[in-house]
Amino acid sequence: MKINPVLLQTSTDYNNDGEPDDIITYRYNSDGTVSREETDYGVDGEIDEFKEYQYKEDGSTSISTYDHNTDLLYTITYDKAGRVSLEDGNGYYDERQYDDNDNLVYVSYGSAGEGGGYAYYSYNANNDLTTSEDATCGYYNCYVDHVGYIYDSQNKLIQTISYSEETYDALTS
């Protein structure tokens, strides 16, 4: 099988002594986008880690990283604007959502069986943060901090109002 040289590219990183340190091989789709990235750490001829790229119709891109045993380490998804929208690996996840003005409006994170948290943010017409709700959750409850932000007519922050609460899962209380 003959490989089109345009669809395969190799890059070598060198250490401080000028010796090869890592070899990275990129494979490309026919449209020129990266399909796979293979890394040989230590230049021993073995692929130690590889990444697979998936391009979705909504404009997002997912990059999944695997170890030499082909075990999934993590996946990072970028939205069409290039912002991280989801990280997922080894039971840990981190999801982010943005509004049309590139303001972060939602974050959710955690580990399977170990809790996590979430945050909601809202903004005014000037893109100033007006409210936030940040929660850190354990197995049975969440500690939630609520903050409101008040601005003067010059768009300067003049006051914050906050309170905290503990919430419980209805199934366990």
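Ser-108 has Tyr-118 as its bridge partner in strand 10, a pairing taken, like everything below, from a predicted model. Strand 10 spans residues 115–123 and pairs with strand 9 in the antiparallel sense, over six bridges.

**Asn-127 and its contacts**

- Asn-127 lies in the loop that runs between strand 10 and strand 11, the latter being residues 129–137.
- When residues up to four places away in sequence are not counted, Asn-127 touches Asn-101 and Asn-103.
- Although Asn-127 and Asn-103 are 24 residues apart along the chain, their C-alpha atoms are separated by 7.5 Å.
- Asn-127 is classed as partly exposed because its relative accessible area of 34% falls between the limits of under 20% for buried and over 50% for exposed.

**A nonpolar patch on the surface**

- Ile-150, Ile-158 and Ile-161 together form a nonpolar patch on the surface, with about 260 Å² of accessible area between them.
- Ile-158, one of the residues in this patch, is found in strand 13, which runs over residues 157–168.
- The relative accessible area of Ile-158 is 52%, and this residue is therefore exposed, the cut-off for that class being over 50%.

**The chain as a whole**

- Read along the sequence, the protein chain follows a pattern made up of β elements, β-β-β-β-β-β-β-β-β-β-β-β-β.
- Taken along the principal axes, the box filled by the C-alpha atoms of the protein chain has dimensions of roughly 65 × 45 × 40 Å.
- Among contacts between residues at least 6 apart in sequence, 7% join residues that are at least 24 apart.
- Of the 173 residues in the protein chain, 28% are buried.
- The accessible surface of the protein chain amounts to about 11600 Å², and carbon and sulfur atoms account for 46% of that surface.

Methods: Residues numbered from 1 in each chain as written. Predicted model: local features only at pLDDT ≥ 70, side-chain atom pairs only at ≥ 80, totals over all residues. Heavy atoms only, no water. Patch = residues over 30% accessible without salt bridge, like charges linked within 9 Å, V, L, I, M, F, W, Y side chains within 5 Å. Areas by Shrake-Rupley, 256 points an atom, 1.4 Å probe, with all protein chains shown as cover. Salt bridge = Lys/Arg side-chain N within 4 Å of Asp/Glu carboxyl O. Helix = DSSP H or I, 4+ residues; strand = E, 2+ residues; numbered from the N terminus. Buried < 20%, exposed > 50% of the residue type's maximum accessible area, 1.4 Å probe, protein only. Contact = heavy atoms within 4.5 Å. Pairing = 2+ DSSP bridges.
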